[in-house]
Amino acid sequence: MTEHSYLICLLPAFSFVMIVFFLRWKEKVAAGFSIAMILASWVMSVIVLIETLARHGHAYEAFYNFLTFPGLNFQIGILVDPLTAVMLVVVTTVGSCVQIYSVGYMHGDPRFSRFFSYLSLFLFSMLGLVLANNFFMIFIFWELVGLTSYLLIGFWFEKKSAADACKKAFLTTRTGDLGFLVGLFLIAVYCGTFNYGEVFDKIAMGAMSTGVLTAAAIFIFAGAVGKSAQFPLHVWLPDAMEGPTPVSALIHAATMVAAGVYLVARSMSMFVASADGSMVVAIIGLVTSFMAATIALTQFDIKRVLAYSTISQLGYMIMALGLYGYDTAHGQHSVGYYAGTFHLMTHAFFKGLLFLGAGSVIHGVHTNDIREMGGLYNKMKTTAITFMIASFSIAGIFPFAGLWSKDEIVAATLHHPVFLILTLAIAFMTAFYMWRLCFLTFTGEPRDQHRYDHAHESPRVMTWPLVFLAFLAVTAGWVGLPWLHHGFSSFVFHEAPPEHHGPSYALMIISLTVGLSGIGLAYLMYYKKSLSPDVLVNKFRPIYNLLYNKYYFDELYNVVIIRPLLSFANFMWKFDANVIDGLVNLIAWLTVLWADVKQWFDKWIIDGAVNGAGWIVRQTGEGLKYVQNGKAQFYTLFISIIIVFIGLIKYELIYLAWGWPIMTIIFVIGVLLLTFVSRSTRQGTNREIAQEDKV
Amino acid sequence: MFYYLALAAILFSIGMFGVLTRRNTIGILMSLELMFNAANINFVAFNRYIITESMAGQLFAIFIIVVAAAEATVGLAIVLLVYRNWKGIDSDNYSVMKW
């Protein structure tokens, strides 16, 4: 099955084509077909994962050289190694759940089939991205997921906010992709190939100097920064929540934004070779994670809280990967790589679940604002319970999946005290804001009675995926239990599996305490109401405002980048309108002028010559026509003279020494003379005839 | 032989002059006959003095006389029609086929 794993990404592509060309007006068939295809992909992914396990993680690679230049080689190919296999299962699992869920969530939408075609296109791109065996292919699919993300964020493009958000997302990620592209150029120039294995071999052999390698690593990381919404390009992800919620769950929580993390994990050999590049990655990850977690504390939009939580968790993974690169470069042992990829997997499940749960809540109450919710537990039990399971998981409570992966990330920071403290602080904040969300949404008194009365549990097609994902949100972490000797860490690793330490109970207790205290604080503030959040807000008013306004990043970018760009564009427009258009108009004016000159020349000189020739011929004919005077005797005379003339020439009585031109002139003069003779006779005869007529 | 040829030349010239200068159409036809006869004299003279063994020249002269007779007939018929149309047989009368 592994050798046919390209089918995993081609099945959704087939579904996309079928829906676009044949099933657009058959909504149920379109949805069913799309779900059938992704389920088939899912089955194949699971088989591929099992086969990869059976191969003890040996990579399978197949490719086709489709463009070969001297010194540069483009390939189309697939690479199935443990990381790919895990990502395939994650993407297809969440993808299947989201597609099934969408049948309920998008019910009655006028563009229902189109939504499923976009989802299929996205899954094709994402699976292609995961399966690619070289940087060039990953870049192509990278841009494709960017495109589908744009299409899906702007799915409800009638809303201006959605249209703006999709443009913002597209342009912001494009900024990062520019860096990615520069990184690709560096790789192409210095390595002459895009294939992962060959590139890493060349780097290991020293194809790049340290400076160039660091630059290439950071440029590649820029692509990941854009796609994974890391600081400073994180601003698009919260706005992307304007898209339909299943899209937020699939693309902006579980899969596409994880593509950046996947890219960093995939090119880990480059980061390991460049300690500086790795440190940049780790610091960016930490800054992002901390910043996003603090913003999430203050937001009231349920999806925005989750969006900032996503950014924060992605920052976690990036930080873990960066620390792995840094520690390995310095010869220290690190679990960062395993921690990052492990958290990537567990996060995909519980964050997908959180978003789908949030979608279910929004579906029930028709608002995003948690201040208008409250007490919904009684109305929607399945949603509430699954949502809380996911919240436990993200807060890192025993025995949920999040605990195990988060523990590993904490373990990865052990060599770096600053990182360790901030990571624990972030874990505390995560637990707090997630449970703030839970308590505000599901418990207490309903704050908006009208909305509460209309709230209802979502249909089963939406709750079943929730239950399935809740199951995974609990159990997915168990593949990496510290008590297992051959768990996740011995399967997905970079170069060599980390040494097995056995469980670190101290660490577990610390992170459990941190998580529980976060939950406890949220409990006191939002359930028991024994601590008032308003008091804290008033005490730290400036900080609260700063956080509530997301560190004013949007405003900052507006002033620093967008306004100057707009004014520059305005200037360029004016330049265009006045100078360029002026030049064009001048050229047009000159052309018209020149055309006038030519027209005059044509009319008077050329036409004059032609008409003049005609006029001359006509006048000559007018003069010569009198030779034809109708008198037989005149003709006879003419013939006689010519015969005599010819006879004279024949017997050389006159000589042709004068040449033909002169003879011709003599002939013409003779003809004219005769003409005059004939005219005079004509006039005479006319007079006679006139006289005869009178008689 | 010179005398014969001279006679023929003189006759031809007189005929030519007549054709070119006469106004009367019948006169023109008569002058034409003179030219024919000049040609006949030439034929006969050449036959008599140069190609004595053949009768071709004399034969040709007889043909010409026959053809001239036919031509005169046709010509006189045309003259008759011209007279009916223009009440006269001046050659200038029927110069209608011009420009």
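**View 1. Contacts of A:L481.** Leaving aside its neighbours within four places in sequence, A:L481 is in contact with A:W404 and A:G487; two residues are in contact if their C-beta atoms, placed from the backbone, lie within 7 Å. This is a predicted model, in which local features need pLDDT of at least 70, side-chain atom pairs count only at pLDDT 80 or more, and totals for chains, interfaces and linings use all residues. Residues are numbered from 1 along each chain as its sequence is written, while chains are lettered from A and ligands numbered from 1 in the order in which they are written. A:L481 sits in the loop between α20 (460-475) and α21 of chain A. Helices (H or I, at least four residues) and strands (E, at least two) are DSSP runs, numbered from the N terminus. A residue is buried if 20 or more other C-beta atoms lie within 10 Å of its own, exposed if 12 or fewer, and partly exposed in between, with C-beta atoms placed from the backbone. The C-alpha atoms of A:L481 and A:I643 are separated by 132 Å, and the two residues are 162 apart along the chain.

**View 2. Helix α21 of chain A.** Helix α21(A) covers residues 505-526, and its 22 residues should span 32 Å at 1.5 Å a residue; the end C-alpha atoms are 31 Å apart, which agrees. The expected span is 1.5 Å times one less than the number of residues. The buried residues of α21(A) are A:S511, A:V514, A:G515, A:G518, A:I519, A:A522, A:M525 and A:Y526. Seen down the axis of α21(A), these fall within an arc of 135°, so they line one face of the helix; the arc is that of the directions from the helix axis to the C-beta atoms. On the other side of α21(A), A:Y505, A:A506 and A:I509 are exposed. The cover over the buried residues of α21(A) includes α16 (381-395), α17 (401-412), α18 (417-442) and α22 (533-539) of chain A.

View 3. Strands β1 (residues 60-69) and β2 (residues 72-80) of chain A pair in the antiparallel sense over nine bridges. Two strands pair if DSSP finds at least two bridges between them. A:Y64 stands opposite A:I76 in β2(A). Two residues lie between the strands of this hairpin, where A:G71 takes a positive phi near 85°.

**View 4. Where chain A touches chain B.** Here 12 residues of chain A are in contact with 10 residues of chain B. On the side of chain A that touches chain B, helix α25 (residues 632-650) of chain A gives the most, with five residues. The residues on this side of chain A divide into three nonpolar, seven polar and two charged. Ala, Val, Leu, Ile, Met, Phe, Trp, Tyr, Cys and Pro count as nonpolar, Asp, Glu, Lys and Arg as charged, and the others, Gly among them, as polar.

**View 5. Chain B.** Chain B has three helices and zero strands, and from the N terminus on its elements run α-α-α. Along its principal axes the C-alpha trace of chain B spans about 50 × 25 × 25 Å. Buried residues make up 10% of the 99 residues in chain B.
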